Amino acid sequence: MNANTTTKPRAKTVPRLARPPLHKVILLNDDYTPRDFVVRVLKAEFRMSEDQAHRVMIAAHTKGVCVVAVFIQEIAETKATRATEAGRAKGYPLQFTTEPEE
Ligand code: TYC
């Protein structure tokens with residue numbers, strides 16, 4: 001850097017506009033879908049590890065529902081629909097729903 005070079009001060013904070021509201025994807029328990037199938041769908045559609053997917057499946061199984069992840073509305077709805085459809089394609093009543101995060 002020579003003596004004539006000036007450095008422009010950099011802003012420390014990037015001003016942010018309002019963040020888009022997030023929506024939860026919720027997994028519902030049922031009595032028929034095999035546990036390993038639920039785990040497989042969670043891994044495929046939500047990119048979870050075996051461990052994470054197993055934990056979420058067990059939580060839904062024992063409590064009735066479990067929040068899988070949060071996304072902007074369009075992504076949440078697309079993923080919930082695809083995951084529900086994966087169960088339906090095999091004749092299972094597996095259900096994923098969405099709701100806005102408070
Ligand atoms: N309750 C199912 C069974 O016992 C397994 C299951 C778990 C299904 C979680 C859905 O969201 C679910 N085979």
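Student: What makes residues of α1 count as buried?

Tutor: Buried means under 20% relative accessible area, with exposed over 50% and partly exposed in between (1.4 Å probe, protein chains only). Phe37, Val38, Val39, Val41, Leu42, Glu45 and Phe46 of α1 are buried, so each falls under 20%. This is a predicted model, where local features need pLDDT of at least 70, side-chain atom pairs count only at pLDDT 80 or more, and totals for chains, interfaces and linings use all residues. Residues are numbered from 1 along each chain as its sequence is written, and side-chain values use heavy atoms, leaving out hydrogens and water.

Student: Which elements do these buried residues pack against?

Tutor: They pack against β1 (22-28), α2 (50-63), β2 (65-72), α3 (73-89) and β3 (95-100); contact means heavy atoms within 4.5 Å.

Student: How do you know that the span of helix α1 agrees with expectation?

Tutor: Helices (H or I, at least four residues) and strands (E, at least two) are DSSP runs, numbered from the N terminus. The expected span is 1.5 Å times one less than the number of residues. For the twelve residues of α1 (residues 35-46) that gives 16 Å, and the end C-alpha atoms are 16 Å apart, so the two agree. Just after α1, arginine 47 has a positive phi of about 50 degrees.

Student: Why are β1 and β2 called paired?

Tutor: Pairing requires at least two bridges found by DSSP. β1 and β2 have seven, in the antiparallel sense, so they qualify. Leucine 27, for instance, has cysteine 66 in β2 as its bridge partner.

Student: What makes β2 and β3 edge strands?

Tutor: The open sheet has the order β2-β1-β3, with antiparallel pairing. β2 and β3 each pair on one side only.
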